[in-house]
Amino acid sequence: MSDARTAIKTAQALPGDQMMADKHLQSAEKALEDAASAIKLEQYERARSKALEAKRHAQHAARLKQSQINN
């Protein structure tokens, strides 16, 4: 979950069009919340899966923002 949190913070801090990345950042934050809930329920495999999903969404948001800068 730490990797996912870091990826979200990194994507949020990047310059670029926030509107393009918002959908993916919202999905990342929701997946991270789901991971935290799964941990509380001791559903560790689901928590891991949701944390990885959050990281993927955050990385996609970061790529979108970076591609706008490079264009």
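Here is a quick tour, going from the overall layout to one helix and then to one lysine. Keep in mind that this is a predicted model. In short, the protein has three helices and zero strands, and Lys65 is a buried residue without a salt bridge.

**The big picture**
- The C-alpha trace spans about 45 × 15 × 15 Å along its principal axes.
- The protein has 71 residues, and buried ones make up 32% of them.
- Take the contacts between residues at least 6 apart in sequence: 69% of these join residues at least 24 apart.

**Helix α1**
- Helix α1 runs over residues 2-13.
- Its length checks out: twelve residues at 1.5 Å each should span 16 Å, and the end C-alpha atoms of α1 are 17 Å apart, so the two values agree.
- Four residues of α1 are buried, namely Ala4, Ala7, Ile8 and Ala11.
- Looking down the axis of α1, you'd find those buried residues within an arc of 100°, which means they line one face of the helix.
- Turn to the face pointing away from that buried side, and there you find the exposed residues Lys9 and Ala13.

**Ala13, at the end of α1**
- Ala13 sits in α1, whose residues are 2-13.
- Ala13 counts as exposed because its relative accessibility is 65%, and the cut-off for exposed is over 50%.
- Ala13 and Ala62 are 49 residues apart along the chain, yet 9.1 Å separates their C-alpha atoms.

**Lys65, a buried lysine**
- Lys65 belongs to helix α3, which covers residues 44-70.
- What is the nearest side chain of opposite charge to Lys65, and how far away is it? It is Asp22, at 7.1 Å. A salt bridge would need a side-chain nitrogen of Lys or Arg within 4 Å of a carboxyl oxygen, so Lys65 has none, buried as it is.
- Lys65 does have a backbone atom to look at: a polar atom of its side chain lies 3.4 Å from the backbone oxygen of Gln12.
- Leaving aside residues up to four places away in sequence, Lys65 touches Ala11, Gln12, Leu14, Pro15, Gly16, Asp17, Gln18 and Ala21.
- One of those partners, Ala11, is also among the buried residues of α1.

Terms used. Residues numbered from 1 in each chain as written. Predicted model: local features only at pLDDT ≥ 70, side-chain atom pairs only at ≥ 80, totals over all residues. Heavy atoms only, no water. Helix = DSSP H or I, 4+ residues; strand = E, 2+ residues; numbered from the N terminus. Buried < 20%, exposed > 50% of the residue type's maximum accessible area, 1.4 Å probe, protein only. Expected span 1.5 Å × (residues − 1). Arc of directions from axis to C-beta. Lys, Arg positive; Asp, Glu negative; His and termini not counted. Polar contact = N/O pair within 3.5 Å; in protein donor to acceptor, adjacent residues only side chain to side chain. Contact = heavy atoms within 4.5 Å.
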